[in-house]
Amino acid sequence: MSNLEKSLHGKNAQEKVLTILNLFKSKGYIVDFSQKYKIGYPEKKKDQFFFQYLMTLQSGEEWIIQSTTSIRSDRINIQQWNAYHIKKINSKITRAIIVCPDGLSEKEMNYYLSYKKQIDNGILYSAIDDVINISDFYNLIEEMGLHSKSLGARKALEGNNFENRIVEILNDNSNLTKWNYNSSIEVGFQYEFFNQILKFFKLSSDDYIVSIEATNEIPSLPTRGKPKTDIKVEITLEGSSTPLIYTISCKRTSSKWVSIHEYPVTSFIQVLNIDDEKLKEALCALQDAGGVQSLEEHYKDELENKLPYYNEALAKWAYGGVGGSGNPAIHWADYMFVYKNETQQLEMWDLNSYLVEILKIGGQLNTPFKWTYPSKGKGKRIQLKGKIL
């Protein structure tokens, strides 16, 4: 890589950190940030020490952030020197973080891992508190911003943030450039996720992508309910005027059982095309009772004997919206994207493969679900809880 290319690579990496800071400032997860932070000792040069960003947290703490594409000792020692003195002069600054691009070269990745390990294990005396990549920096700020929220608000925000994150990654122009030209200059925005998603869609580096349009603004169902599709993606390849369309249901959770479906009993009967009068009666009794534990035994027996015949159709409707109301091309989800909070990994499935595993799960009434009712909805609606793989 030439000096000019190195310079452009470094600039692109810095801009990605700026993108994250702007994003989380807009969400209120950080109070503010400034660029090109400079400071000096009293009666000395006022701008002797420099870091690219100064970030102010909700707690009043301040962090200094530096983006770099290389952790070689000649570079990192400069940041150690600056961080040491900046922290000494400004006591509000509690952390100094170095942020590297995702997808470093093998050589730079070895430098990165070695230096990070020495900091984490206390081998080095270090004024730098952590060396992380862009994806981990994103996760760090998001987790910190969500920490102060109530449990209910946090879960809702986690889900919305996950959807927004996938949309931002897929719509990022630098990711598309990096994909099409295998550019070593472009850093991309969490490019590893971008690359993972496109390969999951069975696209290869030989496919030149003209455009990607991703949105999580999905029209409501005709019933005004929320569709199972959270994100719609349109990918246009070179030589084709017809885009490839992908509809995705997004799940982000630390829980194994979560509420996934909620409809009045009449919808269950209609969508599953149930014409057995005794089974209809038992389902109505289940809605009135609010749960299996409160159900009369003969109704429970009826459901246990007959509901398993509808398990596949029920699972398709509950997880993908299949068979329900709405436009199948928009409202029904063909894919499941699951973000695991514990591992910070993205797992992707096509709906049919996902449901093969779901149908192995033991729930209530010989189905893969737990049957209950939503808050203040007893006698009006049935709520299904399902597992997230």
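Gln344 counts as partly exposed because its relative accessibility is 28% (buried means under 20% relative accessible area, exposed over 50%, partly exposed in between, with a 1.4 Å probe and protein chains only). The model is predicted, with local features requiring pLDDT of at least 70 and side-chain atom pairs counted only at pLDDT 80 or more, whereas totals for chains, interfaces and linings use all residues. Residues are numbered from 1 along each chain as its sequence is written, and side-chain values use heavy atoms, with hydrogens and water left out.

Gln344 is located in the loop between strand E10 (335-340) and strand E11 (345-350); strands (E, at least two residues) and helices (H or I, at least four) are DSSP runs numbered from the N terminus. The phi of Gln344, a residue other than glycine, is positive, near 55°. A positive phi of about 75° is also found at Arg224, which is not a glycine. Arg224 belongs to the loop between strand E6 (209-215) and strand E7 (231-237), and counts as exposed because its relative accessibility is 78%.

Helix H4 (residues 134-147) packs with helix H5 (residues 151-171) at an angle of about 155°, the axes being 11 Å apart. Axes are lines fitted to C-alpha atoms, for helices over the stretch in contact, and angles run from 0 to 180 degrees between N-to-C directions. H4 and H5 are therefore roughly antiparallel (angles over 145 degrees). In contact (heavy atoms within 4.5 Å), Ser135, Tyr138, Asn139, Glu142, Glu143, Leu146 and His147 of H4 meet Arg154, Leu157, Glu158, Asn161, Arg165 and Glu168 of H5.

Definitions and conventions:
Parallel < 35°, antiparallel > 145°, perpendicular 65-115°, else oblique.
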